[in-house]
Amino acid sequence: MQIHDYIVVGAGSAGCPLARGLSDDPYISVLLLEAGPHADRFWVHTPAGMAKLYFDRVRNWNFRTEPMPRLHDRQMYWPRGKMLGGSSAINGMVFIRGHPGDFDGWRARGNPGWGYDDVLPYFRAMERFERGGDAWRGGGGPLSVSDPVERMASSHAFIAAARALGVSPTEDMNGEVHDGVGFMQHSIRNGRRHSAYNAFVEPVRARPNLTIRTGCAVQRVLFDGRQAIGVEVRHGDGRIETIHAAREVILSAGSIKSPQMLMLSGIGPGEQLRRHGVTVLHDLPGVGRNLQDHFYVHTAFRATADSSYNARLTGWRKFREGLRYLATRKGCLALGSSQVAAFVKGKAEEPYADLQISFRPMTFNYHRDGQVAVDGFPGMGVSVYQLRPTATGTVTLASPDAADKPLLTPNFLTSAYDVETMIEGIRTIRRIMAAPPMASRVVAEEIPGPGIASDDQIHRFMEETGNSAHHQGGTARMGDDPLAVVDARLRVHGVERLRVVDASIMPFLTSGNTNAPTIMIGVKAAAMIRQDAVPRRPIARAQAET
Ligand SMILES: Cc1cc2nc3c(=O)[nH]c(=O)nc-3n(C[C@H](O)[C@H](O)[C@H](O)COP(=O)(O)OP(=O)(O)OC[C@H]3O[C@@H](n4cnc5c(N)ncnc54)[C@H](O)[C@@H]3O)c2cc1C
């Protein structure tokens, strides 16, 4: 019989630091189960490889939403990482904690221990910021955080133009001042992606008390009464394997698979579970509700030649850039997805910035076959998303089969407040791109183009082209109200020895990209779980000893 103290399901942004933190105690045995394969691939390590992993059929779950009536019945493609490192192995590597007010807001919603002063020590402990540590930043943690290896002139121009419009500068948006305009930081180490796996698990993978298994898709949690006692894994050949946990099972499978797994284990909205023939263990109506995401709208500008690095990634020059990367780990292949961000208000009544405008000195498109094509002309890409959307969606079961993808209904643009905020975001992009010194670098607005001017036209453009920023969260949210799924210690309400530790637990999304706060959740959860030190189940203890 296989038995481990803790079973962590999912080796992603939260699961990796969680497994690391638990196994720091040599007397605790930890099993980290990952559905996908290992991540040792050139394009996983290379920052520019993000574009190549976007449609990957093996290391990506390739989710798709339900048709969205407000978006002309479009079905939106949602990639999620499926390998050691999870989505941190396919993401854009932007590293941003979020605004301190986000965490204070989490605490104010009935979650003691999650205010910014509570979580700051974990943010500091988890990172090795290349400028070193101080009262805000950490200089000695496992995860490398770096400034862009190259700063393009047009990126400086974007910052100057935003400043000319009154946006204040921030030298470190993960430090004292989040709002404002400045260069982004990335989880990149010496020109290579530093995923949660690379940072937290790879260096300690030889620990005798840490077992890592890939290719293990958990289909449900097993219970004895109301106590979680293990998991059931279905292998590719159809074989079912049962693995036991002496202390706890922890779901870190991400905002789509964690709620699905809860429901398939009998924890979720009772009526929905019964409809699919799942026996209800605990009727918990909030599971799969409160799906939040950052709705993302992209614009593009034709630029002067020195404003874009498109030319370096097309024709013969791309081979030169590739050789340069191989020799030095520098150049555009070593850059994260965006260089600069402006955190600004779209609605005056918001307490802090509710729009993120990200700038990148390049433009590209995907062909139908998933191949990336960098534009053959100098281009600059600017995108916007609303940081705290008011519309929420759902993750629901499509069937009782764990191999079937769940139904994803995000409800983008169903709130007038969100639509107005996003329209203001597009207008802000245009104001920045028309302000000096940026104005002289813009040759023409390509997307959406000057013909899209009125609010109605911009609204329609967003409906037709808007995408996800791939920041899904909130589907097993933390709180103490009837729709909360976990408590502030991340224990699932109504059952024992089961927690959720990943982006699902966010009461609302953080104001920025979501990888850094999700890693923090994993780091903090490890500390909490060790403090709580749930004793081994008596039967499991006896079985472990025989
Ligand atoms: C394309 C893309 C770009 C992004 N860019 C950025 C960015 O630049 N900066 C940023 O901050 N954020 C970015 N994000 C978001 C960020 O990466 C996620 O918010 C974060 O990784 C979520 O972490 P998680 O632990 O909740 O889930 P994940 O990291 O997705 O981990 C879940 C893990 O569980 C595994 N799993 C799932 N089901 C099972 C099962 N049944 N059994 C076993 N294992 C299972 C999965 O394979 C996966 O490895 C991006 C996301 C994507 C997809």
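The model is predicted, so local features are reported only at pLDDT of at least 70 and side-chain atom pairs only at pLDDT 80 or more, while totals for chains, interfaces and linings use all residues. Residues are numbered from 1 along each chain as its sequence is written, and side-chain values use heavy atoms, with hydrogens and water left out.

Let us begin at the ligand. The shell around the ligand holds 39 residues, and Ser13, Glu34, Ser87, Thr514 and Asn515 come nearest; a residue counts as near when one of its heavy atoms lies within 4 Å of the molecule. By class, the shell has 17 nonpolar, 17 polar and five charged residues. Here Ala, Val, Leu, Ile, Met, Phe, Trp, Tyr, Cys and Pro are nonpolar, Asp, Glu, Lys and Arg are charged, and the others, Gly among them, are polar.

Three elements each supply at least two residues of that shell: strand S13 (217-224), helix H8 (254-264) and helix H13 (515-532). H8 gives the most, with three residues. Helices (H or I, at least four residues) and strands (E, at least two) are DSSP runs, numbered from the N terminus.

Some polar contacts can be picked out too (pairs of N or O atoms within 3.5 Å; within protein, one must be able to donate a hydrogen and the other to accept it, and residues adjacent in sequence count only if both atoms are side-chain atoms). A backbone N or O atom of Asn515 sits 2.7 Å from an oxygen atom of the ligand. For Val218, a backbone N or O atom is 2.9 Å from a ligand nitrogen atom. Asn91 uses its side chain instead, with an N or O atom 3.1 Å from an oxygen atom of the ligand. The ligand taken alone exposes 1000 Å², and the protein buries 98% of that; these accessible areas come from the Shrake-Rupley method with a 1.4 Å probe, and for residues only the protein chains shown count as cover.

H13 also leads us to the helix packing. Helix H5 (residues 116-126) and H13 pack at an angle of about 105 degrees, with their axes 9 Å apart. Axes are lines fitted to C-alpha atoms, for helices over the stretch in contact, and angles run from 0 to 180 degrees between N-to-C directions. H5 and H13 are therefore roughly perpendicular (angles under 35 degrees count as roughly parallel, over 145 as roughly antiparallel, 65 to 115 as roughly perpendicular and the rest as oblique). On the H5 side the contact is made by Val119, Tyr122, Phe123 and Met126, and the H13 side includes Ile519, Met520 and Lys524; contact means heavy atoms within 4.5 Å. This contact has 10 nonpolar, no polar and one charged residues.

H5 also meets helix H4 (residues 100-108), where the axes come within 8 Å and cross at roughly 120 degrees. That pair is therefore oblique. H4 contributes Pro100, Phe103, Asp104 and Arg107, while H5 contributes Tyr116, Asp117, Asp118, Val119 and Phe123. By class there are five nonpolar, no polar and four charged residues in the contact of H4 with H5.

A further pair is helix H11 (residues 416-434) and helix H12 (residues 455-465), whose axes come within 10 Å and cross at roughly 100 degrees. H11 is therefore roughly perpendicular to H12. Among the residues in contact are Met422 and Ile426 of H11 and Ile458 and Phe461 of H12.

The peptide bond from Pro436 to Pro437 is cis, with omega near 5 degrees, and Pro437 is in the loop between H11 and strand S26 (442-447). Ile447 and Pro448 are likewise joined by a cis peptide bond, with omega about 5 degrees, and Pro448 lies in the loop between S26 and H12. Elsewhere, Arg329 has a positive phi of about 60 degrees although it is not a glycine. Most residues other than glycine have a negative phi, and most peptide bonds are trans.
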